[in-house]
Every structure is written in structure tokens, then in C-alpha cells.
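Reader: Before we look at anything in detail, could you show me how to read the packing of helices and the contacts between parts of a model?

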Amino acid sequence: MTVTSRLEQVAERVETRRAMLSRLLDPDETTLGALLLAPAAVLLGGVIVYPVCKLLYTSFLDLSLTSGAPARFVGLANFQQMLEDPVFWQATWNTILITLITVPGALVVGLGLALLANLPFNIRWPVRLSLLIPWALPLSFAGLIFAWFFHSEYGVVNDVLNRVGLPGAIWFNSPRLAFAAICLTITWKASSFMAMIILAGLQTIPRSLYEAADVDGAGRVRQFFEITLPLLKPTIVVALIFRTIAALQTFDIPYMMTGGGPGTSTATLAMYIHQNTVSFLDLGYGSALAVVMFILSMCVTAVYLRMISGREGAR
Amino acid sequence: MSATAISTSGSLLSGKPLRAVAAVILIVNGLFPALWILLTSFKTEAELTLKPITWLPHAPTLQNYMQAFADQPLLIFLFNSFMVALLSTALTLLISVLAAYALARLNLRFRGLIMSLIIAVSTFPLVTLLVPLFETMRALDLLNTWTALILPYTVLSLPVCTLVLTSFFEGIPRDLENAAMIDGCTRFGALFRVVVPLSAPGVFTAGILAFVNSWDEFLLALSFNSNPALRTLPVGIQLYQGEFAFPWPVISAALVVGIVPVAVLIVIFQERVVSGLTAGGLKG
């Protein structure tokens with residue numbers, strides 16, 4: 001082989017590499033689409049799809065890391081254990097109750113805050129901040145802060161109650177009061193976000209609709225029910241679905257406020273999953289519990305996706 | 001007749017007194033908890049146990065802040081939170097810029113399906129990932145590392161950021177990009193030299209959302225990183241509680257230190273945050 005032919009070979013190789021490189025840098029539409037979406041797909045595959053498959057599989061195993069015994073396939077035994085586990089039922093019932101109380105609660109409070117925030121203020125930033133700061137406050141911080149609010153001796157809630165002549169309460173000693181305090185905190189935390197979304201919806205409603213209603217002699221209350229609410233409906237539905245899914249996952253606030261107590265009276269499903277997985281290292285049972293959580297929230301998501309596709313179909 | 005109705009209802013619902021009342025309600029509701037913690041953080045332990053309780057601190061002190069930094073490695077918690085949030089935000093932005101560009105600009109065959117998938121993922125319950133991720137991180141010896149949190153946090157913010165960025169990219173005229181490509185830019189060149197700079201506000205907004213999401217996350221941080229040297233702030237704050245003692249003034253000081261960075265971010269960029277929250281998606 002002569003030197004020149006070898007040089008030619010090298011040159012050719014460089015040439016093909018350059019062609020490959022330029023194809024990579026300037027690909028056609030489909031390849032480019034695949035390339036651009038690939039990182040997202042890999043990440044979602046690795047951190048969602050694979051773990052979910054693993055979760056489903058593990059829920060059929062007897063896998064406890066404390067015993068050190070190898071994983072054993074036990075079929076539906078974990079789910080059977082769950083049905084007979086009073087703490088599971090208590091935690092699930094608490095989770096559903098929290099959802100049923102705080103989702104409508106946050107909607108009503110959020111709607112009220114949004115209507116107030118929609119008034120024609122001269123300076124807007126204090127109002128905007130008073131909705132944004134609660135949103136940005138970590139849930140765990142909100143839990144701690146409200147635990148301090150509800151402190152039986154030095155809490156500001158009891159102080160205010162005493163000032164208006166009512167007796168204070170030992171909030172975290174009674175299952176009912178503790179549960180009420182938790183629901184109140186969640187509602188407060190969630191309502192400001194709800195208000196921001198609704199406020200954005202309110203601002204898209206054309207003023208001319210209200211002016212026309214004024215001319216027709218419709219009162220404010222009627223305007224609210226016949227213009228504002230119907231036009232806000234799509235916004236509210238979306239916000240409600242996201243809120244519902246977040247409420248099903250409630251963990252931070254009860255964990256910080258009561259740790260699930262007294263007893264297990266304020267434990268949520270997420271707290272029970274965490275306890276079985278991280279504290280007891282019983283991955284089999286933890287997985288079975290998580291499967292229940294997965295099914296609960298997938299039902300809500302399914303409703304949501306159906307609404308979206310329905311809306312697009314109607315367009 | 002109808003004219004008087006308008007003026008009375010108008011003065012009732014948009015008059016100055018009503019606006020003042022509304023502002024007070026909104027501000028007390030939104031800021032009182034943070035304000036109360038701030039006040040508590042300036043009180044001495046002795047003042048805290050006075051009955052009836054005091055509202056304003058009698059003898060404001062910074063002692064609790066010094067205590068907060070001395071009792072626990074608060075700076076390390078802050079550093080961990082900051083680095084995890086920053087790195088996961090950077091990763092989220094990189095991945096979602098690419099994905100959003102594809103969704104906004106290319107004629108993809110499965111665009112509708114991909115968008116539905118992204119929305120479905122945005123409603124995915126993070127709690128269910130706890131068990132399998134815990135198992136995997138344990139097996140890979142990644143418990144008590146930043147990586148254990150960065151990856152799930154990236155996934156947590158990816159859907160919202162992709163939706164925000166897609167809508168921003170759609171707002172940038174295609175002609176600008178085409179012109180850049182005619183001038184010899186590749187598609188990637190056009191993306192990073194034309195589209196990204198023009199959508200900087202959108203990228204920034206998405207970044208803030210991702211940062212706040214990471215900064216606030218508690219469950220995974222609590223489960224994966226229990227080593228005090230690797231705790232993030234929300235998890236680290238628990239260490240101030242003794243078995244019987246609950247030093248509220250010191251905890252309050254630590255909370256204030258934790259709230260301030262994000263509060264500053266929110267105060268400076270409030271309008272962008274609102275537009276991002278309402279434009280791109282709904283999560284929180």
C-alpha cells in the first residue's frame with residue numbers, strides 16, 4: 001500500500017465523519033424530533049416507567065430488607081394483608097377525607113381570594129405577593145409554622161380564641177381537633193395557588209360582558225353566577241384535578257404537625273407508605289400500598305385526560 | 001333607574017373602603033404566617049413562655065439566629081438545598097428546551113400523543129416512586145448523595161417546564177429562525193442563538209418554577225438523604241427538635257433563613273412567576 005493511497009483513505013474517512021457530523025448537526029425533521037425528545041424520553045423512562053414496572057413487580061414479593069431473606073414471590077399476599085390491616089384503612093380513609101375537605105375548601109377560599117385580588121387596586125404588587133408567598137412556602141415549613149400556631153400553651157390560635165372569650169384547645173391531643181388543624185393548614189396552603197389560577201382566568205373575561213349585563217339590569221350576584229362562573233369553569237376544572245392529585249399525596253403537613261398522631265388517627269396513605277418503606281424497610285408491603293396510591297391518582301388523571309380530549313374534539 | 005343601579009353597585013364593589021378591606025384580608029391571609037415566624041425568631045425563650053403571649057417582641061434579639069447556625073449545620077443544609085435545586089433546574093431546562101423546541105416547531109406525527117403523555121406525567125404521584133427509587137438508590141449506593149434527589153426532581157419539573165417553554169417557543173416568529181438558517185446557522189445553531197435568547201423570559205420562568213419545586217420537596221429528601229451532611233433544608237430543620245424540647249425561637253430563625261432566598265426570588269420576579277404558573281401548566 002502506497003503512502004498516497006493511505007492518505008486518501010484517511011481523507012475519505014475524515015470526509016465520511018464530517019458528513020456524519022453535519023447530518024447530526026443538521027438532520028431532517030423526523031430524526032431531529034427524535035433526537036430532541038430522546039433525553040426527555042430516557043429520563044422519563046428511567047425515573048418513571050422503569051420504577052413503576054418495578055413497583056408493580058415488587059408488590060407481589062415478600063421483600064423485607066431487615067430480615068435479610070431473599071425476595072420471595074407471594075402473589076397477592078401483600079394485598080390480602082392490606083385488607084386486614086386497620087392502619088391501612090385508617091390512612092386511606094384519612095387521605096380521602098382530606099381530599100374531600102381540602103379540595104372544595106381550597107376552591108371556595110381561592111375563589112374568594114381571587115375575586116378580592118381582581119378588584120382594581122392602584123398598586124398591584126402587595127396583592128400579588130400575598131398570593132405568591134404562600135405558594136412558594138415549602139409545605140413542610142407551612143406544617144411547622146401552623147404547628148406553632150396551634151400550640152396549646154403559646155400558640156397564636158388559642159391566644160386569639162381567648163381574646164374573643166372562647167376557651168383554647170389542646171389541638172394535637174384530640175384526633176378530631178388535630179385532623180381539623182391539618183385540614184385548615186392544607187386549605188390555607190392550597191388556596192393561594194388556586195386563587196392565582198382563578199385570578200388569571202378572571203382577567204381573561206372581557207369587561208364588555210359585564211357592561212352589557214349592567215345595561216340589561218342584571219345585578220352583581222346574577223352576573224357572578226351567569227357570566228363569571230360559567231366562563232371560569234374550564235380553569236376551575238383543571239385546577240381542581242391538579243389539587244385532587246396533590247391532596248391524595250398529602251404527606252408534609254401532617255408529618256410535620258402531628259407525625260400521624262395521636263396514635264395513627266391523622267396518618268395518611270403517603271405517610272404509611274413512607275413508614276413501611278423507609279422505617280420498616282418492608283418494600284413488598286410498601287409497594288402494595290403505593291400501588292393503591294397509583295390507582296387512585298390514575299383514576300383522577302384518566303378523568304382529566306378525557307376532559308381535555310373532549311374539549312379538543314369539540315373545537 | 002338602571003344608571004343609579006350601576007353607580008351604587010359600582011361604588012359598593014369597587015369603592016375605596018372595600019378595596020382597603022380586600023387588601024387587608026389578602027395580605028393578612030398571605031403574609032401573616034411568615035410574619036409570625038419572623039416575630040417569633042426575634043423573641044427570647046423567656047418571652048415566649050409569657051402568658052398571655054406577646055405579639056411584638058419586647059426585647060428583639062438576634063441570639064436565635066446565631067443559635068440556629070451554631071446548633072446545626074444550617075449553612076450545609078442551605079448549600080445542599082441550593083446545589084440540588086440549581087443542578088436539577090439546569091438539567092430540567094436543558095432537557096425541556098430541546099423537547100419543547102421539537103413540540104413547538106417540528107411537524108411531529110405523534111405530537112398530540114406526546115403532549116397528552118406530558119400532561120399525564122405532570123399528574124404523576126411522586127409518592128409512588130418512593131419505594132422503587134428507594135430500592136434502586138439503595139442498590140446503587142446512591143442514598144445520601146445529591147444525585148439521588150437531582151434525578152427525581154428533574155422529572156418532577158420536566159412536564160411543567162416543557163409546557164411553559166412550548167408555549168413560549170410558539171410565540172417566536174419562525175421567520176427569524178429561517179433567516180438564521182439561511183445565513184448558515186444549523187438548526188441547533190438557530191435554536192441556541194436565536195430561539196433561546198428570544199425566549200429568555202420563558203426559560204427563566206421555567207427555571208424559577210423548577211427551582212422552587214426542588215427547594216420545597218420534602219418526602220424524597222427525607223427518605224433518601226438522612227445523613228446530616230447531605231440533608232436539604234426542609235429535612236435538616238427537623239434536627240432542631242430535641243426529644244422533649246421544641247426550641248421554637250431557634251426553629252423560627254432557621255425557617256426565616258430558609259424562606260428568605262425563595263422570597264427574594266419571588267419578590268424580584270413576581271410577574272414572571274405568575275405568567276409561568278398560569279401559562280404553562282398547573283402544579284403546586
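Author: Let us begin with a term we shall need: a crossing is left-handed if the near helix is turned anticlockwise from the far one by less than a right angle, and right-handed if clockwise. Please keep in mind that this is a predicted model.

Reader: In which hand does α6(B) pass α8(B)?

Author: The crossing in which α6(B) passes α8(B) is left-handed. As a general idea, two packed helices are described by the angle between their axes and the distance between those axes. Here the axes of helix α6 (residues 111-122) of chain B and helix α8 (residues 147-170) of chain B come within 8 Å and cross at roughly 135 degrees, and that makes α6(B) oblique to α8(B).

Reader: Which residues of α6(B) and α8(B) make the contact?

Author: From α6(B) come Ile118(B), Val121(B) and Ser122(B), while α8(B) brings Pro159(B), Val160(B), Thr162(B) and Leu163(B). Sorted by class, this contact of α6(B) with α8(B) has 5 nonpolar and 2 polar residues, with no charged residues.

Reader: How would I read a pair of helices in chain A, such as α4(A) and α10(A)?

Author: The approach is the one we have just used, with distance and angle taken together. The axes of helix α4 (residues 86-117) of chain A and helix α10 (residues 220-248) of chain A come within 9 Å, crossing at roughly 145 degrees, and α4(A) passes α10(A) in a right-handed crossing. Among the residues that meet are Ile98(A), Thr102(A) and Leu107(A) in α4(A), and Ile236(A), Leu240(A) and Arg243(A) in α10(A). The residues of this contact of α4(A) with α10(A) divide into 8 nonpolar, 4 polar and 1 charged.

Reader: How many residues does the contact take from chain A and from chain B?

Author: The size of an interface is often given as the accessible area lost when the parts come together, but here we can count residues. The contact takes 81 residues from chain A and 83 residues from chain B. On the side of chain A that touches chain B, helix α2 (residues 29-58) of chain A gives the most, with 15 residues. That side of chain A divides into 58 nonpolar, 15 polar and 8 charged residues.

Reader: At what angle do the axes of α2(A) and α5(B) cross?

Author: The axes of α2(A) and helix α5 (residues 74-105) of chain B cross at roughly 135 degrees and come within 8 Å, and α2(A) and α5(B) are therefore oblique to each other. The crossing of α2(A) and α5(B) is left-handed. Residues that meet include Gly33(A), Leu36(A) and Pro39(A) in α2(A), and Ile95(B), Leu98(B) and Tyr101(B) in α5(B). By class, the contact of α2(A) with α5(B) has 10 nonpolar and 1 polar residues, and no charged residues.

Reader: Why is chain B said to be more spread out than a compact globule?

Author: Chain B has 15 helices and 0 strands. Its radius of gyration is 24 Å, well over the 19 Å that the globule rule gives for 284 residues, so chain B is more spread out than a compact globule. Chain B is divided into domain 1 (2-64) and domain 2 (73-279), and the C-alpha centres of these two domains of chain B lie 32 Å apart. Their contact takes 9 residues from domain 1 of chain B and 8 residues from domain 2 of chain B.

Notes:
Residues numbered from 1 in each chain as written. Chains lettered and ligands numbered in written order. Predicted model: local features only at pLDDT ≥ 70, side-chain atom pairs only at ≥ 80, totals over all residues. Axes fitted to C-alpha atoms, helices over the stretch in contact; angles between N-to-C directions. Helix = DSSP H or I, 4+ residues; strand = E, 2+ residues; numbered from the N terminus. Contact = placed C-beta atoms within 7 Å. Nonpolar A, V, L, I, M, F, W, Y, C, P; charged D, E, K, R; others polar. Domains from an automatic or database assignment. Parallel < 35°, antiparallel > 145°, perpendicular 65-115°, else oblique. Rg over C-alpha atoms; globule rule 2.2 N^0.38 Å.
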